[in-house]
Structures are given as C-alpha cells and as structure tokens.
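Hi,

Here's the structure I promised to pass on to you. Have it open while you read, and I'll take you through what turned up.

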Amino acid sequence: MAKIKINKDKCKGCYLCIVNCPNGLIKVSGELNIRGVKPAVFSGGKCTGCGMCALVCPDCGIVIYK
Amino acid sequence: MKKKNSKSTKKETPALRVDSSSVVLARPESLYDVENHYCAGCGHGIIHRLICEAIDDFGIRERVIAVAPVGCAVIAYDYWNFDVTEAAHGRTPAVATGIKRVRPDNIVFTYQGDGDLAAIGTSEIIHAANRGENITVIFVNNGVYGMTGGQMAPTTLAGQRTATTLNGRSLKREGYPIKILEMLAVLPGTKYAERVSVHSAQEVVRAKRAIKKAFRLQIEGKGFSIVEVLSMCPTYWGMTPIQSADRIKNEVSTFYPLGVIKSC
Ligand SMILES: Cc1ncc(C[n+]2csc(CCOP(=O)(O)OP(=O)(O)O)c2C)c(N)n1
Ligand code: SF4
Ligand code: SF4
Ligand code: SF4
Ligand SMILES: [Mg+2]
C-alpha cells in the first residue's frame, strides 16, 4: 500500500490536499506547526498513491511512497 | 532525487504521474527547494511547479530564459533553477522578443499576471502575438492585482468585490471583463492558445499538458503560444483556498471557458 508524507513545517494549511484526496485520507492536525498554522496530516488508510494531494499542493510539501 | 532513508525498503517514488508518458518527481529539479512567499493556497505555487516539471520533462533547463513580471511573481527567479530576467510592468513580451531574436536557440517564456498582461501590458502582448514571436506566455489570471492589494483588474468578473470596486464591478462603470485569449486568437500570429485552471488535481493535470504543449511548439519553431491559467488568490478574494478553488469551478470558469481556444 502507498503512503504519503507531509512536510509539516512547509505546510501553509490551505487544505487543498484534503479536498482532493479521493479517499479522504488527509485531515487537519490538532497541533500548530512552526508557522502557527495547523498543518495537514496523513491519517493512514488505503492510500493508492494516486498523487492527487501532491498535485494540488502549492508548496511542494507532499511526497508519495509506494 | 535524494534518497531520504537508504535503509528503508520503501523507495521514494515519483509523486506525480502527470500524463501517461511522463512521470514527475515531487519537486522538479528546476524548482529550488526553498519556501515561496505566496499566501496559503495561492495558485502561483502550483503553476511555478508545473512550468518546472515541463522544463525538466523536455530536458531544457539549461536552455530556458524566463522573463518574470511585476506582480506577486516578481521574485520568481528566487524559485526557478534556470535563467530568469525581469521586465518593467507589462513589458515581458517585448523583452522576451529581444532575447529570442538574439538567442533563437534558447527557450524563452514570459510569466505574467492579469494586471501585467491585460492592463498595463496589453499593447505588448497583442503585438508580440501579432508578430508571431516564437515565445511562450504563461498568463496567470487571478482576477485582481494581487501584489498591490487586490485592486480590480481588466479580468475581474462582473459584480466581483475588489479594493477598488467595493460594491462589486459594475459593467456600466468599469466595462466588461476581457477575454484575452479569445482576442489574441483572431491574430494569425497566435499559433496556440489554451485556457486551463489549477483548482483541482484533474485540472492541474490538464494545465501541465497545456504548458508542455506550449513549450513543445516553441521548441519546434511553430511560433507564439499562450496558456492562460485561472488561479486562486484567496487573500484578495476574501475566501479560504478551498472556497477559492470552488469559485473558479463554479464562477470564474463559466465566464472564462476552459479548453483550447486556438490551435494550428
Ligand atoms: C509602471 C508600474 N505601474 C504600476 C505598478 C504597480 N503594480 C505592481 S504589481 C501591479 C499589478 C499586479 O497584478 P497582476 O499582474 O495581476 O499580478 P498578481 O500580483 O495578481 O499575480 C501593479 C499595478 C508598477 N509596479 N509599475
Ligand atoms: S496542499 Fe500542501 S500546503 Fe496545502 S494543506 Fe496540503 S500539504 Fe499543506
Ligand atoms: S496519494 Fe491519493 S490516496 Fe494517497 S493520500 Fe494522496 S490523494 Fe489520497
Ligand atoms: S496576494 Fe493573491 S496572488 Fe499574491 S501571493 Fe497572495 S494569494 Fe497569491
Ligand atoms: Mg492578478
């Protein structure tokens, strides 16, 4: 199964990745990052490695592992 | 690409499958690994990356010369790992013309906002297209002057509130939003004009394809190519990034239809 890694301190909290994941696998973190925003976090689950989340990230903050 | 953890059995694989023939890394070589200054959810970040992916796909990083605009993307050269110069507001097509004519083997593109291209630079873009200059134009339409505080642009939609149209753009007072691509399409010098968007993953894939096509036409010496990208400016639309993406889908792209406007 694939998984993603979100660079928490690069994340600006736009959450475009959250609405673009077809499987709803990304959520908002409960904690603030270095910028003072709550970053997106991968919540685990059936990630297909489709890349949708990384495609829309304006800050190149997501890497996909297969 | 750097291997993050060489001991791990998990390999860092290309993150983005952008079309069937090309597989693109999360961060293309042409994009420096630095933070950008753009607001959260700003389309500029996505568009910068797509341009870099296209350049890497063609292996032309060392041949590219970009001309950066005046606008929020004014310091694009801090992000792009290829040669970039700067032009006075709206004049990138004129500067690109000069560079391309002197150095025809280089791949020359302009990156312009809608204030830059459709307001102060209207004359430059029309004449560069009409001369059929063999350059590529990436036109970022976010419907406002982002850099200076969200004033109305010629592309601002009717009724849209901006810093200079507090009650919404009035067609009677401010005139109609300009469809630049449709205007340029009537010029024989324009060889390729496509409008795309970056409001969803699907549209990002299409945007990448269009940007690649525009570069390919220049590489083949076909002439003037322009890609308009509808882009989010959450800050001066007064919306969240997600609302901004929805606004492009539901409003902006109904006025500015996506797709190929001209191809020959
Ligand atoms: C000759 C000149 N006139 C006006 C300005 C002020 N100015 C700076 S950026 C800008 C508009 C930028 O809007 P746009 O091109 O849409 O780029 P965005 O910031 O939205 O990406 C203006 C009017 C300037 N820098 N130079
Ligand atoms: S798209 Fe990128 S910047 Fe936006 S929330 Fe997701 S990881 Fe963060
Ligand atoms: S790669 Fe696809 S399935 Fe996995 S988190 Fe990203 S969008 Fe969701
Ligand atoms: S003001 Fe608008 S265009 Fe400029 S960086 Fe912010 S969101 Fe992007
Ligand atoms: Mg603009």
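Below are some notes on the two chains and the ligands.

One thing to keep in mind: this is a predicted model.

Let's start with where the chains meet. On the chain B side, 33 residues are in contact with 23 residues of chain A. The size of an interface is often given as the accessible area lost when the parts come together. For chain B and chain A, about 2,300 Å² is buried between them, and 60% of that is on carbon and sulfur atoms. There are polar links too: 10 residue pairs are in polar contact across the interface of chain B and chain A, and the count of salt bridges between these chains is two. One of the salt bridges to look for pairs Glu35(B) with Arg35(A), where the closest N and O atoms are 3.4 Å apart.

Next, ligand 1. It has 16 residues around it, and the closest are His44(B), Cys72(B), Asp114(B), Gly115(B) and Asp116(B).

- His44(B) brings a polar side-chain atom to 2.8 Å from an oxygen atom of ligand 1.
- Asp116(B) has a polar backbone atom 2.7 Å from an oxygen atom of ligand 1.
- Val144(B) also uses a polar backbone atom, at 3.0 Å from an oxygen atom of ligand 1.

Now over to chain A for the other two. Ligand 2 takes up the space of the second largest cavity. Among the residues around ligand 2 are Cys11(A), Cys14(A), Cys17(A) and Cys57(A), along with Lys12(A) and Asp59(A). Its shell splits into eight nonpolar residues, one polar and two charged.

Note on methods:
Residues numbered from 1 in each chain as written. Chains lettered and ligands numbered in written order. Predicted model: local features only at pLDDT ≥ 70, side-chain atom pairs only at ≥ 80, totals over all residues. Heavy atoms only, no water. Near = heavy atom within 4 Å. 1 Å grid on protein atoms, 1.4 Å probe; cavity = no way out; pocket = protein on both sides within 12 Å on 5 of 7 lines; lining within 4 Å. Sits in = over half its atoms within 2 Å of the grid points. Nonpolar A, V, L, I, M, F, W, Y, C, P; charged D, E, K, R; others polar. Contact = heavy atoms within 4.5 Å. Buried area = accessible area lost by both parts, 1.4 Å probe. Salt bridge = Lys/Arg side-chain N within 4 Å of Asp/Glu carboxyl O. Polar contact = N/O pair within 3.5 Å; in protein donor to acceptor, adjacent residues only side chain to side chain.
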